[in-house]
Amino acid sequence: MSTIADARALITAARAAYSIDTHAAWSLTECLDRLDQPLRVALAGSLKAGKSTLLNSLVGQDIAPTDATECTKVVTWYRSGATPNVTAWYDGDRSAHVPVQRRGGRLTFDLGELTASRVDRLDVEWPARTLTQTTIIDTPGTSSLSRDVSARTLSMLTPENSSSGADAVVYLLRTLNATDVSFLGQIGAHVGGDSGPLGVVGVVSRADEVGSGRMDAMMSAKEVAARFASELEATGLCQAVVPVAGLLALAAETLRQGEFAAFESLAQVPDEDLQLALLSADRFSRPGLLPVDAELRASIVDRFGLFGIRMAITLIKLGVRDSPTLAAELVERSGLNELRSVIDVQFGQRADQLKLHSALVALQRTLEARPIAESAAFQAEAGRMLADVHGFQELRLLGRMRSSTPKLPENELAELHRLIGGFGIDSSTRLGLDPDAGAAQRHDTALAAVQKWRRLSEHPLLDQFTARSCSVAARSAEGVVAST
């Protein structure tokens, strides 16, 4: 299996061959640099889909502006940094420091006299653990009324004659319309190249609104996500679709003790009075109706939404007695933990594979755009490496298994899911062994798995998808054998 070191050697050799072509050499140097940088994950989707709110939820801090100001019309890169710092790059190669402010309790970046049309991108450095291994790119809405605003997202994710600025994409959906399908198609072609989309995960955003804020809203959202996943599976544009109530997730991760005390008080209100107050956000915030200060209620409904309030009160009535437990329960019910798990399996644990793929696709595009005598040989080697990366097949199968199930017994289905890296990609986890298992035990277990899954893949009564799944599992086991 090809490695980062193999790709680095190939790209270095290509750069040496392009030594007299300054532009190509610069592009290949950028390819090499990306191999050593954190994985780049872009958040994309239509206007008002909740990208910035989801970003804040994933990071666990309020670091991205969510109000509709000039800064939300600009592609913004969030990287790890010792202290908060925001830089605007504009007019080609000029830069300026951007102050971070809070207005009305909301974080925003003050661009001053700069307008979004002049700013190429914002670079945000922030001390957040999530950003240590992952650079998150927040993009403007793809369905913005301004074509220039939407074009910035396309230019970053699908540039002409160059590789995508992202290694993986989380695409937020409110509905599944022709615009979304078209954009996902463009992303898949660019992020995945000829081998199709790899790091693309869909999110049914603002999922609590699917059920109008009712207690069963997330159940309705899961059904919508399953339908989206089924429709996207036919086109191969997405690995998974997960429903997430981003507003609730962010509020839960930043739950304050005063808010918990307010929920405890509201839990004592008779059900009829409480349901009447929760008919609308305006009614809930109205002075005098409930035994919690009206200003605090207005803040709570702004942060949690009616669904989050109903959920928090219900959990307290069911026995939650402290704010950390309530926060954890709300995060779980928001769908954020499921999304984090999907991102970890699809992106985090396979960061090297995704970066390797991005670098090789970028190399191919440079070779095609600026051919020289040695280009054909470099192209052939890059193509061989791309075909050799079995992890890409595992990624696609894991995504498809979220909506389609191979026709196997439950125990073998669980074993297949584990073997192809559904719970982790280290050899012991794949084989279901103790982490301290010796090399000999891992080798023998993996060899037995190769024989089992190869035999299953050749069974004449299996449907094509199940047989293909077994074949992928056998190849995964062969990879473990080769590494022990």
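Tutor: Let's start with the cysteines. If a disulfide is taken as a pair of cysteine sulfur atoms within 2.5 Å, the count here comes to 0 disulfides. C31 is buried, with a relative accessible area of 6%, and C470 is buried too, at 0%. Buried stands for under 20% relative accessible area, exposed for over 50%, and partly exposed for anything in between, with a 1.4 Å probe and protein chains only.

A word on the ground rules: this is a predicted model, in which local features need pLDDT of at least 70 and side-chain atom pairs count only at pLDDT 80 or more, while totals for chains, interfaces and linings use all residues. Residues are numbered from 1 along each chain as its sequence is written, and side-chain values use heavy atoms, leaving out hydrogens and water.

Now to the packing. A nonpolar core is a set of buried Ala, Val, Leu, Ile, Met, Phe, Trp, Tyr and Cys residues joined through side-chain atoms within 4.5 Å. The largest such core has 83 residues, and F263 and L326 touch the most other members. Helix α12 (residues 294–317) gives this core its largest share, 11 residues; helices (H or I, at least four residues) and strands (E, at least two) are DSSP runs, numbered from the N terminus. Apart from neighbours within four places in sequence, L326 is in contact (heavy atoms within 4.5 Å) with L255, F260, F263, A312, L315, I316 and V320. A second, separate core of 25 residues includes V345, L397, L419 and V472.

L395 is buried, at 0% relative accessibility. Beyond its neighbours within four places in sequence, L395 is in contact with Q239, V345, Q346, R350 and L354. R350 is 45 residues away from L395 along the chain, yet their C-alpha atoms are separated by 8.8 Å.

Helix α15 (residues 351–369) has 19 residues and spans 27 Å from its first C-alpha to its last, close to the 27 Å expected at 1.5 Å a residue, the expected span being 1.5 Å times one less than the number of residues. Since 16 of its 19 residues are buried, α15 is largely enclosed by the rest of the structure. T366 is found in α15 and counts as buried at 9% relative accessibility. Its contacts, leaving aside neighbours within four places in sequence, are Y18, A24, S27 and L28.

Finally, the sheet. Its 9 strands form an open sheet with mixed pairing, in the order β4-β3-β7-β2-β8-β1-β9-β10-β11; two strands pair if DSSP finds at least two bridges between them. β4 (94–97) and β11 (240–243) stand at the edges with a single partner strand each, so one side of each has no neighbour in the sheet. Strands β1 (residues 39–45) and β8 (residues 134–138) pair in the parallel sense over 5 bridges, and L43 has D138 of β8 as its bridge partner. Helix α14 (residues 336–346) lies across β9, β10 and β11, at about 155° to β11; axes are lines fitted to C-alpha atoms, for helices over the stretch in contact, with angles running from 0 to 180 degrees between N-to-C directions.
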